[in-house]
Amino acid sequence: MAGIHTFIPGAVAAGLSIGMWQLGAWQPLEQLGYNAKFQMQELGFMPSPGWNDKIVVIGIDNASFDKYERFPLSRDRYAQLLQVLEPSKPAVIGFDILFVDKGQGDEEFASAISQTGNVVLSMAWDERGQPLKPLPEFRKNAAGIGQIWHSPDPDGISRRAALYAKNKPALGVAMLQVYNQQTPASLSKINLPQPIAGKKRQTVWLNWPGKAQSLTTYSFADVAEGKVPSRAFTGKLVLVGVTATAIDSIRSPFNQNSPTSGVYLHAALIDNLLNSNLLKPLDEKLILLLLLAVGLGTCYVWEHRGVVGRLTLIVGLPLAWLLIACCALSCFQIWMPAAAPVGTMLLAGFGVQLRDHWEKLQERREKQLLMSLFEQYVAPEMASLIWQRKTEIFHNGHLLAQEQVATVLFMDIRGFTSISEKMPPGELFTWLNEYLNAMTECIMDRGGVVDKYIGDAIMAVFGVPFAHTEEEDIRQDALNAIDACMAMHKKLKQLNRRLRFEGKPQIKIGIGIHTGPVMAGSMGGSRRLNYSVVGDTVNVASRLESMNKTVTSENPYNLLISGKTYAYIRKHYRAQSVGATQLRGREKATMIYSILGKERSK
């Protein structure tokens, strides 16, 4: 089961991503994802619904301007248009044009509105928030009034439409309300969203059906002059607006580089409401939970993956999510964020990599620190074992203090002071290092840890750094210590023969060994640490070593051990009792033995 630390990078990535979402930092990328959806439709990679054939646009285009040689058009032109359309029986006629000032032909236009009976007019608000409503005579005769408020996204693309603004329905909604009123009770009506109380603007994401050019559009002048067959408008929802170049321009995801006309925004809203295919974005709270799940889930699948596996995931996971988002969009019109989840995946993946790198750095640092404490004092095999089992003794850069039973060995050179007085310092240094190197090899080869060098003295410990609790393990530590002494005695003979040949002083040593409880761990300050053991056992071993100066008979190896150590090695080595001695600082007498040699095999 994955540990908590597995999910930390994912939680951090999700938290960062959620913060970016709430601050709107992901929105520019999400908007690019929105654009990509329609570009894929245009290229044929995703199905495109196309415009509903019930919608028709009558555009006041460049040809109409050339024909009438003025703008705004006089109101009698609009009256003429309604009179031409009336016989064809359009379902609804909506004007994406504001009629707020009096003008030529107002009476004629008001009469045509009244006679047609299904005209919806537009309203808006000025910069101060004051309403711009149609003239009273027009409002009185109109079947409905719809607002045409619109605000494109910062990049200029129109992705959303206001269903309601200040509780006023959009032009497209108002037209469909009139459409429902005229629909017989026996037929199903369009399901229209209702205004939400207290909400200033109620916007929706548009599912653009296609390019503006693909929607059936006729020239205002051609329709007004009867050049378009009347059946073209029968039962249709007709939008009348300006389509001339550079007037009332918007940009759709299909027309990013070539602006189209605002009337097509209202046509897109009507199309979506007719087909019930408005984009349905995920709820804000659900998005935040999704980002959290993506962050944690990414960490889980990345854990314990190799380089190839992670490279596969860094490509595969985003592609899988984009495929899910495309399917949700195509099949259910659910608009799922793309950039934020993919970004969260990448952030979580980067976080896992960063965590792994940091852990490797920490591991390297810990290994360097641990090895700096041991590599000069133990055999390479022991150093490797220490690293493999580091969790037992190492924590936060320190060796844990542990009380354990160990065998402590003290040894030094007899008469070292007088020898050092007779030798030049440089020669003495070389002579001493030869001796220390030879003795250290004997200790380390038998699993001992060199605790410290004190001038000519060596303190070594058998049974650290891992605590031994089994009797057999403690016995083996004691045996290893005695074996090391035997090896040192043999090696010292070889060294002395060479020293004698070189005319250098001979070396005679004294050794004391005691087995008992010690406290082992890191000792020192923040700038200097050392691994060492302390306790009464260390003191006893040191005093036994000193006693070699007086115990010379029946002590061939100049090695004195305590009764406690002897109890562990008695079946393997012969020893001579030196007697019970009251060591300084101890309440009880200590039994002392000298080692005579290995026990003969029976």
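Predicted model: local features only at pLDDT ≥ 70, side-chain atom pairs only at ≥ 80, totals over all residues.
Visitor: At what angle do the axes of H7 and H9 cross?

Guide: The axes cross at roughly 45 degrees and come within 8 Å; they are lines fitted to C-alpha atoms, for helices over the stretch in contact, with angles from 0 to 180 degrees between N-to-C directions. H7 and H9 are therefore oblique to each other (under 35 degrees is roughly parallel, over 145 roughly antiparallel, 65 to 115 roughly perpendicular, the rest oblique).

Visitor: Which residues of H7 and H9 meet?

Guide: From H7 come Leu-171, Gly-172, Val-173, Met-175 and Leu-176, which meet His-266, Leu-269, Ile-270, Leu-273 and Leu-274 of H9 (contact means heavy atoms within 4.5 Å). This contact has eight nonpolar residues, two polar and no charged (Ala, Val, Leu, Ile, Met, Phe, Trp, Tyr, Cys and Pro are nonpolar; Asp, Glu, Lys and Arg charged; the others, Gly among them, polar).

Visitor: Which residues touch the most other members of the largest nonpolar core?

Guide: In soluble globular proteins, nonpolar side chains tend to be buried together. Here the largest core has 47 residues, and Leu-176, Leu-206, Trp-208 and Leu-269 touch the most other members (a core joins buried Ala, Val, Leu, Ile, Met, Phe, Trp, Tyr and Cys through side-chain atoms within 4.5 Å). H9 gives the most to this core, nine residues. Trp-208 is in contact with Tyr-34, Phe-38, Trp-51 and Tyr-264, among others, leaving aside neighbours within four places in sequence.

Visitor: How do H4 and H5 pack?

Guide: Helix H4 (residues 75-85) and helix H5 (residues 106-116) pack at about 25 degrees, their axes 7 Å apart, and are therefore roughly parallel. H4 passes H5 in a left-handed crossing.

Visitor: Is Leu-85 buried or exposed?

Guide: Leu-85, placed in H4, is buried, with a relative accessible area of 1% (buried is under 20%, exposed over 50%, partly exposed in between, with a 1.4 Å probe and protein chains only). Not counting residues up to four places away in sequence, Leu-85 touches Ile-58, Pro-90, Ile-93, Val-223 and Phe-233. Ser-214, by contrast, is partly exposed at 48% and is found in the loop between S8 and strand S9 (217-219). Ser-214 and Trp-51 are 163 residues apart along the chain, yet their C-alpha atoms are separated by 7.5 Å.

Visitor: At what angle do helix H15 and helix H16 pack?

Guide: H15 (residues 425-445) and H16 (residues 471-502) pack at about 150 degrees, with axes 9 Å apart, and that makes H15 roughly antiparallel to H16. Their crossing is right-handed. Trp-431 and Tyr-435 are among the H15 residues here, and Leu-492 and Leu-495 among those of H16. The residues of this contact divide into twelve nonpolar, no polar and four charged.

How values were computed
Residues numbered from 1 in each chain as written. Heavy atoms only, no water. Helix = DSSP H or I, 4+ residues; strand = E, 2+ residues; numbered from the N terminus. Left-handed = near helix turned anticlockwise from the far one by under 90°.
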